[in-house]
Amino acid sequence: MNLHPDVPPHRGFARSNALQRRLHDLVPGGAHTYARGADQYPEHMAPILVRGNGCRVWDADGNQYVEYGMGLRSVTLGHAYAPVLDAVTTTIADGVNFSRPTELELLAAEDFLDLVPGADMVKFAKNGSDATTAAVRLSRAVSGRRRIAVCEQPFFSVDDWFIATTPMSAGIPDHVGADIVRFPYNDVDALAAVLAGDSVAAVVMEAATATAEPEPGYLRAVRALCDRHGTLLVFDEMITGFRWAAGGAQSVYGVTPDLSCWGKAMGNGFPISALAGRREYLERGGLRTGADRVFLLSTTHGPETSGLAAFRAVAAAYRTGEPISRMESAGAALATGFAALADELGIGDHLRVRGRSSCLIFETLDSHGKPSQAFRTLFLQELLQRGVLGQSFVTSAAHDHDAIATTLSACAAAAEVYRTALERGTVDGLLRGRSVAPAIRRTAAPRLIETSTSR
């Protein structure tokens, strides 16, 4: 049934589906990141992308979309952002990887520490998990303790110390997770109880998330508790860095951690991450320490030139432009328009967006007001059919007026279908296929496992 005659009832996904089936044959899960998996999108509607420009992307079937999420929040300036590409192509013409440090490593470190004044030293790597795991290892070495207090926030590392606490802990010895204790965000008393025994090496947390800002005084209280109990404070700035501010959430809220971990938007999509922090701690991984040395970070590709050149171009864009205000402005316009259309349809209590304007998520509630994966899938399906791709409404500085207008038009049509489902109390007859599923889960449903010869 075509509820909206002005919109084609079906976009073609034939080539994307064929490529996805082949990917399942060759790549476990059919993607190199669980959040990018086909199970995160409506069935047989998971586009395989071939190019992007600004906030728009194109798939293997020739469909164009306004994209949100932007490389899992790694792209804040827009796809194919020319100054970054120019810096990278110019730099790699002189070589990419060498047997000794390059001057570029010094220049990139100076740029980084200029943006993050609370840090004394920085070490570059290639992915965020390397940085957070190094922070945990260093904290244990400095404190002589094993326990790590990890905030009840979504994700910190692909390494055993964190994955042991998730439903996908197969292959990890049971004892690994025993040293990890979780604590709720914005609850000072709960953290105080965790730290009371002076046995915790580090508190690992995001200073803020898309949907949770720190209550007044909370982060300062966390800082004081860590100081009182000899515990290192580690901020994960993977998402907040270059999205809340160039200097991360720590610069917004005025609380300096002992160590901080960075990645994602540092390179506008190019792979680069960083561990930064106080000199007295990071020197434990260097050559100027009298204490037992810590194997901090040692990567072949951490200092390769393309990632460092990309980072320097990103840093320049943040110094000379206003990318954060642009992405926040786009998100604010989207949030306001979305709320208005949902309220006009009388479904504002069931379909809504929330969070920081540059990092919006959408909430999909069923007719009983309960979060629903089925209703989420229906909304994703209708947006895809109308040229909007995204598991969220996370914006970039490239999301212009036309992109927001296109998105709101798609949302208005999708919301009408959503209202029909609410009136029926079910997505049956509207949703074409199975529901999406949590990316991190213990088992894979059989319907999500396909091979190239299965259809």
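User: In which sense do strands E8 and E9 pair, and over how many bridges?

Analyst: Two strands count as paired if DSSP finds at least two bridges between them. Strands (E, at least two residues) and helices (H or I, at least four) are DSSP runs, numbered from the N terminus. Here E8 and E9 are parallel and are joined by 3 bridges. Phe235 has Ser260 in E9 as its bridge partner. This is a predicted model, in which local features need pLDDT of at least 70 and side-chain atom pairs count only at pLDDT 80 or more, while totals for chains, interfaces and linings use all residues. Residues are numbered from 1 along each chain as its sequence is written, and side-chain values use heavy atoms, with hydrogens and water left out.

User: Through which helix does the chain cross from E8 to E9, and what is the hand of the crossover?

Analyst: A crossover is right-handed if, with the strands pointing away from the viewer, the path from the first strand over the helix to the second runs clockwise. The chain passes from E8 through helix H9 (residues 248-253) to E9 in a right-handed β-α-β crossover. A right-handed β-α-β unit is also made by E7, helix H8 (residues 218-229) and E8.

User: Why is E8 described as largely enclosed?

Analyst: The reading rests on relative accessible area: buried is under 20%, exposed is over 50%, and partly exposed lies in between (1.4 Å probe, protein chains only). E8 is largely enclosed by the rest of the structure because 5 of its 5 residues are buried. Leu232, Val234 and Asp236 point one way, Leu233 and Phe235 point the other way, and all are buried. Strand E7 (residues 200-205) is mostly covered as well, with 6 of its 6 residues buried.

User: Which strands pair with E7?

Analyst: E7 runs parallel to strand E5 (residues 147-151), to which 4 bridges join it, and Ala149 stands opposite Val203 of E7. E7 also pairs in the parallel sense with strand E8 (residues 232-236) over 4 bridges. In that pairing, Met205 stands opposite Phe235 of E8.

User: What is the strand order of the sheet, and which strands stand at its edges?

Analyst: The sheet is open and has 7 strands in the order E4-E10-E9-E8-E7-E5-E6, with mixed pairing. E4 and strand E6 (180-183) stand at the edges, each with a single partner strand, so one side of each has no neighbour in the sheet. From one strand to the next, the twist averages 20 degrees. Touching is a matter of contact, meaning heavy atoms within 4.5 Å. Axes are lines fitted to C-alpha atoms, for helices over the stretch in contact, and angles run from 0 to 180 degrees between N-to-C directions.

User: At what angle do H4 and H11 pack, and what is the hand of their crossing?

Analyst: A crossing is left-handed if the near helix is turned anticlockwise from the far one by less than a right angle, and right-handed if clockwise. H4 and H11 pack at about 35 degrees with their axes 10 Å apart, and their crossing is left-handed. The contact includes Leu104, Ala108 and Phe112 of H4 and Leu308, Ala315 and Arg319 of H11. H11 is mostly covered, 12 of its 16 residues being buried. Its cover includes helix H3 (82-92), helix H4 (103-115), strand E4 (121-125) and helix H12 (323-344).
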